[in-house]
Amino acid sequence: MNKKSRYTFYLFFILFIFLGLELVYVYNTNGIDDDSLLKKNQFVSLSSLPDLAIASDTPYIRHRSLANVASIYKDDGSLREYSILSYTISDSKKSYEK
Amino acid sequence: MIELKDINKIYEINKNHKVEALKKVNLTIKEGELIVLKGASGSGKSTILSLIAGLSKPTSGEVIVDSKQISKLLDNFSSVYRRDNIGFIFQKYNLIPTLSVKENIALPLVPLNPTTKELEQKLDKVMDMFHILHKKDMIVKNLSGGEQQRVAIARSYVNNPKIIIADEPTANLDKKLSLKFIEILKELKSLGKTIIVATHDPLFYGLEFVDREIEVHNGSLVL
Amino acid sequence: MRNKINIYLIEYAINSILRQKYKAIFITTVFTLLIFLLTAVFFITNSLRYELDSTVDSLPEITIQNIKAGRECDIDVDMVDDILGIAGVNDAVARVWGYYYFKNGGVNLSLVGVDEYEKQYKKSFSNIVEKFDLNSKTPSMVLGSGVEKIFKDSYYDEYFNFIKPDGTLKKVYIAGVFDGATELESNDMIVMSKELLRYIFNIDDDKATDIVVKVANPKEVSMVASKIRLMFPNTRVITKQDLKISYQNIFDYKSGVFLALFIVGLFTFFIIIYDKASGLSSEEKREIGILKAIGWKVDDVLKEKFYEAFIISFFSYIVGVSLAVGYVYIFQAPLLKNIFIGYSDLKVSFELPFIFDIQTLVLVFLLTIPIYVGATIIPSWRVATLDADEVIR
C-alpha cells in the first residue's frame, strides 16, 4: 500500500474511534437509564400533564390539549377542521360513527 | 497472426457529415513481423492500429487475431484481449501525469490484483529493461519527453504482450531520442514480438530489421 | 491472482480524489453539511419523541375539559361522582393546575395541585424529589430544577411570593426540587397541594381545571370516552390515543418546517449531483479511455469510480454524524433546537437526552450515500461503454 492510501485508512480509523468515543461520552453524560425512566414515569403520573416542559409555542404553553380551543387555529397545520368537542381529525369522525 | 478482411470504417461526425477512414482494407501480418505503416496525417494509419487493438470496431469487415474475431468481441472481452495481447504506445503517451513512473507502469496490472511480490518483480524487470528504474518514484509530469516515452513503452510491455502497437511514437521527440526508440524496437523484435508502427517519420523508412513498409493513402493500402 | 478486494483499485481511487483536491474538498464540505443538518434534526426529534413515548403511558387514560362558548373553562367537581359510576372507570380525579407568569424571571410556570393523600402519588413522590424536606415550613411546594434556578436568580432561595388575582401575596416555602432525571418533564413545574393552588388562583372548592380518569382495561377507553361525551355534551374528552396522535402531528409539522429549510440545502447538493451526472469533464473522459485502452474492463473502471465516490461520501457521513452528535448532545443544538421548541423566551432551558437509534443512522446513510455514488457511477458507465478510441480522441 502506498503512503497516501495508508494515511487515508489511518484517517478513517481515527474518525471511527473519535465517533465511538463521542458516543460513549454522550451516553454516559446524557443517556437515559432504567432508573431515570422510572423517575420520569413517576413524575408524569404525579403531574398527569402531557407533553414536556418545552412546548412549541406560547399559546399552547404545555400542550395544545391544555390550550384554549380558539388559539389552536393559529399555526398548527394539522389541526384544521374538527368539531369543538373532538380533538383530532380522526377522532371527530370516530365519535359520530359510534 | 493478424488478419484484416475487407475492412471499412466510417466515422459519423454528425448527421450530415461522415468520414470514410478506411475503404476495403485487406492486410495480413505474420507473427514476429515488424510492420511500418506510412502515410500522411489522416490517411487511416491510426484507425488500422485501433482496429487491431480492439479499441474500435469496423463498420464492416473482420479483424482476426490468432483465429479470434476481435471485431465481434463484447466490450469486456475486448478489454481482456487488449490486456493479455496488446501493448499500445500512444502518440501522446497518455500517461497519468500526477502518478509516479512506477504507478503508471503498474496500471495495466491493477485489474489483475497480483500479490505485492509479483507486482514488484514485474515492475522492476520492466523498469530496468527500459532504463527508468532509477526514476521509479518520480512524478511523470516532471520527466523529460524521452523519459516519458520510455515509461509509455514500459507500460505497454509490463503484461508481456504478443503484439506491440506504436502510433507516431517519435512525433514529440528529437532525432537522438527517435533513434534511441528505434533501438528499443529492434530489441523488442529480437524478443519475437509482433510490432506495428504507424509513422510519417522518415527515420523509420528503409530500416533493415523492418519486415515490411506499407503505405496508407486516403483509407486504402497502396500495394 | 487474489479474489479479495483489489487494494490497487482503492489506491488508484484515492490518488484520483487527491488529483482533484479542490473539487473533492468542496463536495465533501457540502455533503458533510447536509448530513450534519439531517442527522441533527433526526437526533433532536428522536430525543423528544423518546421522552414523550416512554412517558405517555403514565398519563391518565382520559382527560375531560369543560367547554363554554367555545372556550375552555373550569369544570364542576360534582361530575367526578357521575363519572365514577360508569362501568370500567377505575378512578376519577378533579385536577387543579394552571400557568403562573413570573414577571421578573420572564417565564411561564406550570403549577399543579396534588392531593397528597391520593393513593397513587404518595410512594412515588419521595423517589422523584431531591432534597425533600418533609419537615419544612408550610405551606410548601416542590420545584422543577429550572424553576429553582429562575427563583434563585431573583433571590428566592427559601420561599416565593405568589401574587394572587386580587393583588395580595402568598408566601410558599420551597420544600424540595425534582430529581434531575425528570428535567424534561418537570423543568417548568411547581407542585403543591390542591388546596394551596386553589387559594393562589382563586378557584372555588367546587370547581377544578379538568378531570382525569383512569380506566382499567385499555380496550374500554374509547367506549368510556363516548359515554362521558354523551353524559356531558359540553365537554371535550381527550384520550391517551389522541395525545399520541397529537405528538405525532406536532413533530410532523415542525419537521415540515425544517424540511422546507433543508430543501434549500438539498437543492445545492443536487446541483452538484447534476453537474457530475450530466457528464464528465474531457479530462475525466480521457482518463477512462486510457484505462480501457490499456486493458481495464468496464467493471474495473466502475469499481474504481465506486471506491472514489464511496470514500468521499462515507468520509462526509462519518464527519457529519460526529458533528451532529457533538452539536446536539454536547452543545445542545443552539438555533436548531428552537425550531422544535419555539423561540419564546418564556421557556426554561433543558438538556436533550441521548438516544442511540441505529435506524436513524441507517436512514441518513441510505438517503445520502447511494445518491452520490449513483451520480458518480452513471456518467462513468456511459463513457466506459463507448469505444475507447472515440474517448481518447
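Just after helix α2 of chain A, Ser48(A) takes a positive phi of about 50 degrees. This is a predicted model, where local features need pLDDT of at least 70 and side-chain atom pairs count only at pLDDT 80 or more, while totals for chains, interfaces and linings use all residues. Residues are numbered from 1 along each chain as its sequence is written, with chains lettered from A and ligands numbered from 1 in the order in which they are written.

Helices here are DSSP runs of H or I, at least four residues, and strands are runs of E, at least two, numbered from the N terminus.

Next, chains B and C. Here 25 residues of chain B are in contact with 25 residues of chain C, contact meaning C-beta atoms, placed from the backbone, within 7 Å. On the chain B side, helix α2 (residues 75-85) gives the largest share, six residues.

Last, the cores. A nonpolar core is a set of buried Ala, Val, Leu, Ile, Met, Phe, Trp, Tyr and Cys residues joined through C-beta atoms within 7 Å. The largest has 107 residues, and Ile52(B) and Ala40(C) are among those touching the most other members. Helix α2 of chain C (residues 21-55) gives the most to this core, 13 residues. Apart from it lies another core, of 50 residues, including Phe43(A) and Ile200(C).

Notes. Two residues are in contact if their C-beta atoms, placed from the backbone, lie within 7 Å. A residue is buried if 20 or more other C-beta atoms lie within 10 Å of its own, exposed if 12 or fewer, and partly exposed in between; C-beta atoms are placed from the backbone.
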